[in-house]
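Trainee: Could you take one part of this model and go through it closely, strand by strand? I would also like to see how the rest of the model is laid out around that part.

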Amino acid sequence: MSSTSIPAGQISTLHAIRNKAPLFLAILFGATLYASVCNLYVPQGSVFYVSTYTITLLGKYLCYALLALSVDVIWGYCGILSLGHGAFFALGGYGMGMYLMRQIGDRGVYGNPELPDFMVFLNWPELPWYWAAFDQFWFSALMILFVPGSLAFVFGWLAFRSRVTGVYLAIMTQALTYALMLAFFRNEMGFGGNNGLTDFKDILGYNLQADNTRVVLFLLTALALALAYVASELIMNSKFGRVIIGIRDAEDRLRFLGYRTDLYKVALFVYSALLAGIAGALYVPQVGIINPGEFSPLNSIEIVIWVAIGGRGTLYGAVIGALIVNYAKTKFTAILPEVWLFALGALFVAVTIFLPNGLVGLFKRRSQGKLS
Amino acid sequence: MKYFLHLTLFFILSLAIQTVQAEDSINADDQDQMTQIIHLADQLSRVRLKKIQPILSQLEITGADIVQPMFEAMRAGNLYYLKADKNSQRRPVIVESLGDSNYQLKDAITLDKKGQATKKQLKKIRSNNKIRGFLRDAIARLTLSSENPEVREAAVKNMLASIDEKTIDLLLKARLQEQDDDILELMDVAIALHTLRTSEDAGQRLAALEPLEQSLLPVVRNSLNQLVAVDAAGKYIEADDTLRVRASEMLKDIQQQLDFYGFIETLFFGLSLGSVLLLVATGLSITFGVMGVINMAHGELIMLGAYTTYVVQLMMPNYIEYSILVAIPAAFVVSGLVGIAIERGVIRFLQGRPLETLLATFGISLVLQQAVRSMFSPLNRQVASPEWMSGSLEINAVLSITYNRLYILIFALLVFFALQLIMKKTPLGLYVRAVSQNRDMAKAIGIRSGWVDAMTFGLGSGIAGVAGVALSQLTNVGPNLGQAYIIDSFMVVVFGGVGNLWGTLVGGMSLGLVNKFLEPALGAVLANILVLVFIILFIQKRPRGLFPQKGRVADS
């Protein structure tokens, strides 16, 4: 890694982002507004009507896109491959899930005003202390940021200071999410065990099943994605971002120049974890369930694949990758469920061998070829 | 010459005839006994209840070991005859309920399977408490005088819990003829327990404690506990002080021994888990440790090995005992070839790009999983254990070691040392080490690095397949078998130190031990989590594992 000099193409990539940002935002807002309006104001029989199911599905895709963005920030720009980003996503999701669980109140199956259903079922005498404040939205929102952020901080602090890099780091992050998955599967943890948290009723007083709420959540997700996109782009174009890219290409050289590369990496890792946590928090009310399966190492690796397929180090590539792969997954699993894993596996292999820069790289090469 | 030939022929012929005659006479005896048993068994269902006991006595005398299953079935109320046989000869059958009033039938004398019948087609052979009491004693008599020492030992063990005046007489009689030391000891324990319970004489009871001294049997512990027990008012139930003090001393001794054996057992479980970890990680320590290739499909190569075992067993259903011995080389070849295909087809294009290799091999693992799922169905497959691997080695009443875990422990070490030999003593090992240390230099002196890569990867994958054979003896074989072990095996290699085979051995064994010693206090899952967290922290402290490879490279 240290011996490779900065490829000339990387610098031009940076300028390319700046040009793509307005276009990206325009497409995103155009599409979301169109879908929302067509859902709320077009009669159901019309050809232009967009069903609420589609809205929810699109909202889910956008959450995945945000998650992919968070992985691209560290992998594409800093060379840190995390195979455990699903952990931050799931932790954010559990934060939101706990808030929604408390909002159910006495409308649960057992009608207990204080305890969620699964605790009644498991004969818990009272609410555990860590559940206490989750009936407040502001507290939950804070935790959605704080828990993934602090986990990323502690993990990153330990790992980057000891210069654990590359493959070792990847395997460690995988072990981290695996350990969390095992932990959340335990009933004793108080997070619903195997079944997770589900059966949500409303958020901030609005019914989660209503079309209006769904559309608002969808728009919020789009807004979050847009903000994250702009923020990430600003970061990458700042001096901080230049150092980050420098770390990716020649960490030793930066270290010898006097940069505390570990601090830069920790900061970026925490930022990325925050994005993943937000994505998880937006995901749960739209999908309606969060369970320990989200922690599974397979999920985390899938995120990496979205980014790889889209093309890393471009931000919009990650978003495109997440949208395309998930759309394909929805289609494939509905029509040919057995083929999906074959297709996904083949994609992994094909992309890494033939498309090292992803789909974005493919198009870029083409357009560059035309120019020259 | 011709004469000689005739003579020999005659000699051989006459010999043959003689043996046939001898066999015939034995068969005739057997035949006679059989007809008698069949006749008596037929009578069982015909006579009045009062007359049953004499028939049973006669059966006991003529039948010996043969009638024991029939007696046991009758005592348990499982002995019937078919209503269809009502007017012909009635052969009793032993029934086993299959639910829905369907029964599986077994001939009570030959124990051959005789198909199924419904409840309506059967009639029970009657008995009462008196007959059942007689049967119990008869079974005890039959088993105690059995020629098979294992049967005798089991008989004494069965009697331990419920000794009364009748059985003690039997036991005392049998003791006179017993030759086997272990069984004699057991009999002494049984007799002592009886004395302790029934005798009035304080000296006799105290003396009866002595044979119990070294015994770890639960029933002995119970009896001793009764001696030191207190009643509701807090008073000792046992009046004799010396007896009580002695009993509590003995209990303390026994507890110490139990703790010791418990420790040994945990140790063995830990080593057993460690050996599984070692097996699954050994292949990885070659591909990952020596070659530096992150093979996420390693778990699936293990799974392929397990499925190979399953297929081999399907192909030779009559030789289950040996199928596993065939499966070991077969699994090595299958997984090895798949490994070589992966290396030649994918990994070699990604040399020097470890993160991409990781992703590509993960894709391969998904494809392999789905392929197996499509070919064999997603359901788990059961691989039968050969006879010599099932059962357990009973060291004493509280400590027994299952054979399959013991064999796997030995097998893991064998595989490990075989690999060490290959790496240290063969040309292939030399090339592998040369290429892993300095690829360009190795190429320069004429080593075909591509060929070495393929062979090394094939070797590591083959060992993964062999690990799969061992795992098929411990768990169910399913498409997700490998996934469960992939993270663990990476942990072992990273913990032990990449590129160091000895590190893998120490890493695997110590992780297994730590896991099992934490388990009683924390539970399996929490122990697993704690070990993972421990390794994550450990790697921060020592990024190159327990035994880092010595080298002069500043950054890698």
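Mentor: The account below begins with conventions, turns to a sheet in chain B, and ends with chain A.

The model is a predicted one, in which local features need pLDDT of at least 70 and side-chain atom pairs count only at pLDDT 80 or more, while totals for chains, interfaces and linings use all residues. Residues are numbered from 1 along each chain as its sequence is written, and chains are lettered from A and ligands numbered from 1 in the order in which they are written.

In chain B, five strands make up an open sheet whose order is S4-S3-S2-S1-S5, with antiparallel pairing. Strands (E, at least two residues) and helices (H or I, at least four) are DSSP runs numbered from the N terminus, and two strands pair if DSSP finds at least two bridges between them. At the edges stand strand S4 (113–118) and strand S5 (122–124) of chain B, each of which pairs on one side only. On average, neighbouring strands of this sheet are turned by 45° against each other, direction ignored; axes are lines fitted to C-alpha atoms (for helices over the stretch in contact), and angles run from 0 to 180 degrees between N-to-C directions.

The individual pairings can be followed across the sheet. Strand S3 (residues 102–107) of chain B is joined to S4(B) by four bridges, and these two run antiparallel. Within S4(B), Lys113(B) stands opposite Lys106(B). Strand S1 (residues 79–82) of chain B pairs with strand S2 (residues 93–97) of chain B over two bridges, in the antiparallel sense, and Leu79(B) stands opposite Ile94(B) in S2(B). S1(B) also pairs with S5(B), antiparallel and over three bridges; there, Tyr81(B) stands opposite Lys123(B) in S5(B).

The secondary structure of chain A comprises 13 helices and four strands. Its radius of gyration is 21 Å, close to the 21 Å that the globule rule gives for 372 residues, so chain A is as compact as a globular protein of that length; the radius is taken over C-alpha atoms, and the rule is 2.2 Å times the number of residues to the power 0.38. The C-alpha atoms of chain A fill a box of roughly 65 × 55 × 40 Å, taken along the principal axes.
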